[in-house]
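Subject: Structure for you to look at

Hello,

Here is the structure I said I would pass on. Please open it beside this email and follow along.

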Amino acid sequence: MGSRNGDIRGFFKPKGPSSSQPQSQPASSLLSTSELSSPPDISSPPRTPFKSSASRSFSRDAEIKGSDESDDDSDDSLGSITDALGYRARPAAHQRDPSVLSTPQAKRIASGVHRSPLTLQPKRHKFDLKALISHSREIERTEESARQADALIAQAAHKSDNSEDSDAENDPRRLEEAARHLFVGTDEEEGKGDKLRRAFKRSKNDGTSSRKHCYFFTQEEPPSKAIKNAFPRKKAVGCWKCLSKSDARPRTFTMGLPHVLLTQRETLPDEIFLWILDEICTEQNAELQRQYINLAEICKDNTNRLVDDMRLYAWLEGLGGPEYDRGHIKLRSTTEVRHEYLERNWSPLVTFLQLLSRIAPNLQPPAAISAVQLLLRMSMDPVVAVVVREQHMCALAALVSSLAKSRSRWNRACEAICSYVYESIDDLELKVTCIISIPSSSLSLVDLRRRLAAESLFNRPGLGRKPIDSRLSFEKIRDRLDTDDFRSTNRPNFDYERLRALTTLLDIVIDRAEFMRAGIRRANGSAQAATTTSSSNPGPTIPAAQTRPPNPCSSEADADRQFDAQIDVLATRVKVIHDKIRDKASRKNVKLSLLGLEKRLLHAVRTRPPPRREIFAFNDENGPSAAAEANVPKQRDFMRQWAQKKRAEKQQEEHDHDDEGGDDDDVMEPIDIMATQPRRTRRDIQVAA
């Protein structure tokens, strides 16, 4: 045992014969049983068994195999010993990670945009075949629905071109049914069909598509080449013989020879004049049309004698217009829209309106009144608003201007026109369409608009016989706004289109509200007359200061203030009606009309813009300015008391300083120089004032 704990360097020393051991003895017999049973000594390494070999001598510089400097592993021989002794393999020594000294990486790496866990994130399918198949099927269904819709549209267009009953083919019910069956499949797709059907219904109920009108011309388009009347050759005598030859006649009119003859005071025969009038609307040559219209304008006497209401209707019959009827027939409204109707050739109608505007000053009053009635009836046709709006307005303006030259004739004309509109049209929307077609470019046109609107608004025939300003007042307008026609209860059967029409009529009747100013002036004049009458009666002596006449400036300012107050009352009532209507697509037009009326009253009719309302303004019946003026004396008293208190405090401080200063009073500070007694006196006077 002693040799076991010896120095390892003794192992490499040469051994003598006495220390040799027999080779036959096994290595396991060198250890006793007690040593095998006891645990090995950890502090001492296991001993390598000796090999039987001949004694060898080593030089000092010889290389020893198995040493620490050798490339061979010196621990290779220990494996057999540990196996022989039954040692268990030691756990491998912990080796430090070479990257332990490097910067540690983050445990969580952000990928993409941070999403809150509280929100519902859409489900994403990356390689889900079921989701891909469902998406593909949905795309196919969408494409199929688009193809079906295109086929329906093409089929409807083809049928409308090749069939006569286009109204039945374009029936909205058929469109709704097609929209319902357009999406077939799951419940979700059927829900899309219902949404599309409701969209069709909303578009059908829109104000622009459901607006009422009355067609003036027939559905059938007249032939492009109308039958022309024969030229009266027998009347082409004298200086008009140049028109007898048919081949030279167009050239003669184009060169202006008939115009030259008329300027030389030659009379055109009636038969030739009527032939020219019949040729105006059917002539295809624009230059010839222009010459015909110029000749009709020059022939004042012929126009005055030969052109009447029957002749006007006869010209329009060739364009598909109605037949002449002396009575007032009832006109029916419709919401039907004919797109092919507006696409017709309306150039003859344009020519007729141009002719009417040129010969209007030469017409007799009955013919001019019939022409105005004809144009008002034509204004309810959608072709007027779409195609010939400008020419229609010019013709109306020319006719009204010719009728308004005499006041008595103008009143009779307005009475006849108002009676025609009131008796022929029952639908209020058609009346509004007829009235708003009249331009407001002159006082006479505005007067006619207001007379027609007043009769329709108050439903009183004969109201337009005279100017309506003398029959209107603020109280009548206010009471009309309080009727049931203007009270929207948001019930399903309430007619909002009628309310829109009434709002338009009310806007036209009010106009600049001059009747309200006249009412205020009459009320003030009657009050002044009553004051003058009471002062003329005998009684106690009245001081001269109290009998002084009122200031005209103050009375005018009071009249403007009363006028603005009445306008504010009307605007407030209109705003209340507007606010009670719920927001809905079918009610947007009436809300826009009410809002426009309110803004016009406040910013166009009022003498000055409405004052700005502040949350700290005085709540008084007379308004903020009157309340502020009533509070001015209190404010002055408060400021006077505050100034007196501050002055008394300053005088007390100066008195105390004088008592403490003694002889130092001879040295005055700059503040004492500025605060002299006369300065204080003037300040007191200013505060008191």
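Predicted model: local features only at pLDDT ≥ 70, side-chain atom pairs only at ≥ 80, totals over all residues.

The interior

The largest nonpolar core has 118 residues, and those touching the most other members are Leu349, Phe352, Leu356, Leu374, Leu375 and Leu399. Leu375 is in contact with Leu353, Leu356, His392, Ala395, Leu396 and Leu399, leaving aside residues up to four places away in sequence. As background, nonpolar side chains tend to be buried together in soluble globular proteins.

Helix α12 (residues 309-317) has five names to look up: Asp309, Leu312, Tyr313, Trp315 and Leu316 are buried. They lie on the same side of α12, because the arc they cover around the axis is only 155 degrees. Their cover includes α9, α14 (347-359) and α15 (365-378).

Helix α9 (residues 270-280) contains Glu279. Is Glu279 buried or exposed? Its relative accessible area is 3%, so Glu279 counts as buried. Apart from residues up to four places away in sequence, Glu279 touches Lys228, Asn229 and Tyr292.

In helix α14 you will find Ser357. Ser357 is partly exposed, at 22% relative accessible area. Its contacts, again without residues up to four places away in sequence, are Cys394, Ala395 and Ala398.

The surface

Leu129, Leu132 and Ile133 make up a nonpolar surface patch, and together they have about 300 Å² of accessible area. Leu132 belongs to helix α3 (residues 129-162) and is partly exposed, with 46% relative accessibility.

Salt bridges

How many salt bridges does the structure hold? There are 24 salt bridges, among them the following.

- Arg147 and Glu144: their closest N and O atoms are 2.6 Å apart. The two are 3 residues apart in helix α3, so about one helical turn separates them.
- Asp270 and Arg305: the N to O distance is 3.1 Å. This pair links distant parts of the chain, with Asp270 in helix α9 and Arg305 in helix α11 (residues 300-306), 35 residues apart. Asp270, Arg305 and Asp301 are linked in a network of salt bridges.
- Arg517 and Asp560: the N to O distance is 3.7 Å. This pair also links distant parts of the chain, from helix α23 (residues 514-536) to helix α24 (residues 552-579), and the two residues are 43 apart.

Regards

Note on methods. Residues numbered from 1 in each chain as written. Heavy atoms only, no water. Helix = DSSP H or I, 4+ residues; strand = E, 2+ residues; numbered from the N terminus. Buried < 20%, exposed > 50% of the residue type's maximum accessible area, 1.4 Å probe, protein only. Contact = heavy atoms within 4.5 Å. Arc of directions from axis to C-beta. Patch = residues over 30% accessible without salt bridge, like charges linked within 9 Å, V, L, I, M, F, W, Y side chains within 5 Å. Areas by Shrake-Rupley, 256 points an atom, 1.4 Å probe, with all protein chains shown as cover. Salt bridge = Lys/Arg side-chain N within 4 Å of Asp/Glu carboxyl O. Core = buried A, V, L, I, M, F, W, Y, C linked by side-chain atoms within 4.5 Å.
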